[in-house]
Amino acid sequence: AAWTERTGAGRRNWRAIASSSDGSKLAAAAWGGYIYTSSDSGAAWTERAGAGRREWRIIASSSGGDRLAAGAGCIYTSSDSGVAWTLRASMCSPTLRGIASSSGGDRLAVAGGNSSIYTSSDSGAAWTRHAGAGTRVWNGIASSSDGARLAATVRGGHIYTSACDFE
């Protein structure tokens, strides 16, 4: 019903935003810029230069807001609310379009990488391509809190759901 403008991170070309389950911790990604985090529901923001200035497209958060995953050609992860970042070079693609996180942040799902769906059960260290998803133009992806169920959208197509086997 009502919205509050949050100007603390400045006016930028924002591409994605993620939230902790209670909404207090936010992480926002700027195209051609940095990732910014807030621990007070967006009143104040901190620039997180650790992952570099990039063409950020996607970002996801654990329910606690401390574990983040973001993409700009490659996936980067953080386990300390965005202070330090790790490049996940095994998940790089110019077509990253969606990312989702389990509530713990250890299970991640990416849509659009080489027109496929990929999952990770170790916070992005290793990835599995899911051939059953086909080679569609995946646009977005969402995850259940335990990461066992995914829903993904296809540009100009349908919505798909799947159960993930992380064993």
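Analyst: W56, Y76 and W85 together make up one aromatic cluster in this model, which is predicted. By the pairing rule, the count comes to four aromatic pairs.

One of these pairs joins W14 and Y36, with 5.4 Å from centre to centre and 80 degrees between the planes, an edge-to-face arrangement. W14 belongs to strand β1 (residues 14–19) and Y36 to strand β3 (residues 35–38), so this pair ties together parts that are 22 residues apart in sequence. The two partners can also be described by their accessibility. W14 is partly exposed, since its relative accessible area is 31%, and buried residues are those under 20%. Y36 has 5% relative accessibility and therefore counts as buried.

W56 is located in the loop between β5 (54–55) and β6 (58–61), whereas Y76 is in strand β8 (residues 74–78), so the pair ties together parts that are 20 residues apart in sequence. W56 is buried, with a relative accessible area of 0%. Y76, at 9% relative accessibility, counts as buried as well.

A further contact involves a charged residue and a ring: R15 lies over the face of W31, at 4.2 Å from the ring centre. Such a placement counts as a charge over a ring because the distance is within 6 Å and the direction is within 35 degrees of the ring normal.

Notes:
Residues numbered from 1 in each chain as written. Predicted model: local features only at pLDDT ≥ 70, side-chain atom pairs only at ≥ 80, totals over all residues. Heavy atoms only, no water. Phe/Tyr/Trp six-rings, centres within 6.5 Å; stacked < 30°, edge-to-face > 60°. Helix = DSSP H or I, 4+ residues; strand = E, 2+ residues; numbered from the N terminus. Buried < 20%, exposed > 50% of the residue type's maximum accessible area, 1.4 Å probe, protein only.
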